[in-house]
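Thank you all for making time this morning.

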Amino acid sequence: MAGRVLRIGMVDDHRSPIWGVERILEDQLDLELVRAAATVDELLAGGANLDIVLLDLRLDDGTTPRENVNRLRDAGIGAVVYTSGEHPALLRSAAKAGALGVVLKSASEDEIRAALRAAGEGTAVLTTEWAAAIDGDPELAAVDLSPQLQRVLALYASGETSASVGEALGVTAETVNEYLKRIRQKYADAGRPTRTKIDLYKRAIEDGWLPVPERNQSGVEERGRHGTQDTGWP
C-alpha cells in the first residue's frame, strides 16, 4: 500500500528500548512511532490510532502477556512481542493470546523494521525463538487431524485459497471450506482458537504440519508461495 504510514505504539517500562526504537524508525517514511507508554492501559488511554504495538513481555504493573495481548486485540491493535527472549513461558502465554509474533531486542535494525512491516500487512512474524517456545510447551493440547485435514491445513495456511486447495486435492472449494470448519472446531475444542488465517498458520507451525520458516535476507521469515495475508474466514 504505497504512501501508507504504519502507526506504531510501544509498551515498555524502561526508557532505553524506547529510545532505541525511536532511533531505528526516525528516518523511515512508512514507519512512525506514535506513542510509547509503560503500560497497556496508559498506551490506550492516550487515544492514539495505532496499527501495531511492540509489547515488552515483562512489565512491572502486575499484568500478564496474555492479558496485554488480549487488551490490544480488543482495541483492534495487533501486538508484536519485543523481548530479550529468555522467558519462553511468557512467550507461550503471548502466543496463546494471539500475538502476531516476536522480535528479539538483539535483532538487527533491518530485522526489527521488517518485522513491523510484516505485522502491519497482517503477516505472522515467526522466528526460531517463537517456535522453540511453542515446541517446549508441555500444555499445548494435541489436535488429531486426519491426513486429508492435515493437507488442507498445510496448503491453506501456506497462503493458498480454498479454490486452489480444492484443485490440488481434487475436491470443490465448498468441500475445502467444510474441512476448514472442522479444523477450526478441533482447535477450538483444544483451547487453541483459529479466528484468522494467521492463527491457522501458527497452529500448523506449532503442530509440525508446516516447517519453521527460514529467514530471508531482509530478516523476515519465508512463508508459503502466496504468503500468509490474513483473509479471515474462508
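What we have here is a predicted model, in which local features need pLDDT of at least 70 and side-chain atom pairs count only at pLDDT 80 or more, while totals for chains, interfaces and linings use all residues. Residues are numbered from 1 along each chain as its sequence is written, and side-chain values use heavy atoms, with hydrogens and water left out.

Let me begin with the chain as a whole. The protein chain has 10 helices and 5 strands, where helices (H or I, at least four residues) and strands (E, at least two) are DSSP runs numbered from the N terminus. Of its 234 residues, 48% count as buried, and by buried I mean under 20% relative accessible area, with exposed being over 50% and partly exposed in between, for a 1.4 Å probe and protein chains only. Among the contacts in the chain with a separation of 6 or more, 69% are between residues 24 or more positions apart, a contact being heavy atoms within 4.5 Å.

Now to the sheet. In what order do the 5 strands of the open sheet run? The order is S2-S1-S3-S4-S5, and the pairing is parallel, with two strands said to pair if DSSP finds at least two bridges between them. Strand S2 (31-37) and strand S5 (101-104) stand at the edges, each with a single partner strand, so one side of each is left without a neighbour in the sheet. On average, and ignoring direction, neighbouring strands of this sheet are turned by 30° against each other; axes here are lines fitted to C-alpha atoms, for helices over the stretch in contact, and angles run from 0 to 180 degrees between N-to-C directions.

Strand S1 (residues 6-11) is joined to S2 by 6 bridges, and Met-10 stands opposite Ala-36 in S2. S3 and S4 pair in the parallel sense over 5 bridges, with Ala-79 in S4 as the bridge partner of Val-53. As for S4 itself, 6 of its 6 residues are buried: Gly-78, Val-80 and Tyr-82 point one way, whereas Ala-79, Val-81 and Thr-83 point the other.

Turning to the helices, H5 (residues 109-120) has 12 residues and is mostly covered, since 9 of those 12 are buried, including Ile-112, Arg-113 and Leu-116. Against what do the buried residues of H5 pack? They pack against S1, helix H1 (15-25), S2, S3, S4 and S5. The axes of H1 and H5 come within 10 Å and cross at roughly 85°. That makes H1 roughly perpendicular to H5, a term used for angles of 65 to 115 degrees, where under 35 counts as roughly parallel, over 145 as roughly antiparallel and the rest as oblique. Here Arg-23, Ile-24 and Leu-25 in H1 meet Glu-109, Ile-112, Arg-113 and Leu-116 in H5.

Lastly, Asp-30 lies in the loop between H1 and S2, and at 27% relative accessibility Asp-30 counts as partly exposed. Not counting residues up to four places away in sequence, Asp-30 touches Arg-4, Val-5, Leu-6 and Arg-117. The C-alpha atoms of Asp-30 and Arg-113 are separated by 10.0 Å, although these two residues are 83 apart along the chain.

Definitions and conventions
The expected span of a helix is 1.5 Å times one less than its number of residues.
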